[in-house]
Amino acid sequence: MTYTPRVGGRVTILRLSMIRRVPLIAATLAFILATALPGASQANPALERFLRENIGLTADQVSTIRSGQPVTKALPSREAAEVFLFGAVFIHAAPESYVKFAHDFDRLRRLPNYLALGVFSNPPQMSDLKGFSFERDDIESLKNCKPGDCLIQMPTSSIEELQRSLDWSAPDVSEQVNQHLQKTALDRLLAYQRDGNEALGVYNDKRDSTVVPKQFAYMLSYSKALPEQLPEFYNYLLAYPKAKPANVDDTFYWARVKFGLKPTLRVVQTVTMRGDPADSVACAIAEKQLYSSHYFETALDLSFCIRGGDDAKQPGFYLIMAMGSEQAGLTGVKGSIVRKAAVGRSVSNLQNALTTIRNTLEGR
């Protein structure tokens with residue numbers, strides 16, 4: 001999962017780049033290839049080699065992971081707008097318990113950073129979006145919103161339609177804005193479910209536009225050296241809704257989350273792959289951002305559960321997380337300061353999140 005506030009507060013989503021120019025997502029899946037060998041155990045030489053050579057962990061850090069303590073690290077990015085995180089921990093529990101944990105939306109609703117959350121029906125309908133609304137400050141900012149200069153991420157067509165269709169002097173303008181927002185969100189989600197990534201569109205709120213489908217493909221371009229174990233999972237993230245594997249399920253939800261200076265509306269697709277009981281890769285979960293009103297132009301979080309441990313009475317698995325995003329406001333002198341603080345908080349937040357997951361699944 002992206003380090004969305006799924007497992008604690010989220011201050012910043014982080015992308016993972018490469019140590020020694022090794023693509024992070026490819027490297028993470030290369031780890032899966034290594035650990036998907038017969039006889040994988042809690043002390044796995046292939047895993048240790050991956051963690052030390054590809055991720056750059058020390059021998060002590062590798063030992064820490066084996067002992068059940070989480071290790072997290074921010075990795076180098078290709079440009080200032082990219083941020084990446086890697087995290088790993090060994091958990092003494094059945095890996096299937098993590099799938100249940102990751103899909104516990106009632107738990108998410110109880111987290112302090114989640115102001116509202118709704119899960120979409122199949123197919124999605126307008127009633128699913130009750131509570132999906134802008135704050136007063138965002139509505140005020142929309143009055144003067146224009147292409148290239150808007151505080152809300154949206155395409156030119158949405159900006160122009162918003163200005164054309166609303167009566168900004170009406171006493172119920174806030175209700176008009178949110179009804180328009182909900183209808184637009186539903187239409188775009190249905191378009192995405194029909195047409196895939198191309199329906200994600202272009203953000204024209206800043207001087208330089210953001211072509212979301214291209215950014216998402218760019219994020220996944222690290223994975224060209226994918227191992228043979230999960231090519232269908234990777235391909236589905238790019239080709240959705242085509243090429244859906246039989247062991248993959250989709251869930252869509254929206255959330256109003258506060259992890260920055262202002263609440264942010266997000267629409268997210270959760271893609272879950274479940275392995276067979278005999279598979280070393282017990283599950284893979286991708287959290288793919290389809291829309292964010294602020295901060296995150298593109299975001300993708302990946303979680304992998306790799307079976308491990310030799311004790312049949314006490315099953316265990318490695319939880320590996322690879323999280324990445326493209327973010328605005330991280331360039332220039334001021335942006336570099338913001339970036340340094342955000343990365344530091346995010347590393348700490350991920351450490352806490354992995355600890356929470358381990359404690360919950362182990363029943364501590």
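**Reading a pocket and its cis prolines**

The second largest pocket has a volume of about 190 Å³. The model is predicted, with local features needing pLDDT of at least 70, side-chain atom pairs counting only at pLDDT 80 or more, and totals for chains, interfaces and linings using all residues. Residues are numbered from 1 along each chain as its sequence is written, and side-chain values use heavy atoms, without hydrogens and water.

User: What is a pocket, and which residues line the second largest pocket?

Analyst: On a 1 Å grid over the protein atoms alone, a pocket is an open set of points where a 1.4 Å probe fits, with protein on both sides within 12 Å along at least five of seven lines; lining residues have an atom within 4 Å of a point. A volume is the space filled by probe spheres set on the points, which are joined across faces, edges and corners. Here the lining consists of F120, S121, N122, P124, Q193, Y236, Y240, P241, K244, D250, T251 and F252.

User: Which strand gives the most to this lining?

Analyst: Strands are DSSP runs (E, at least two residues), and helices are runs of H or I with at least four, both numbered from the N terminus. Strand β6 (residues 248-257) gives the most, with 3 residues.

User: Where are the cis peptide bonds?

Analyst: One joins N122 and P123, with omega about 5°; P123 is in the loop between β3 (114-119) and α6 (136-142). Another joins Y240 and P241, also with omega about 5°, and P241 sits in the loop between α10 (231-239) and β6.
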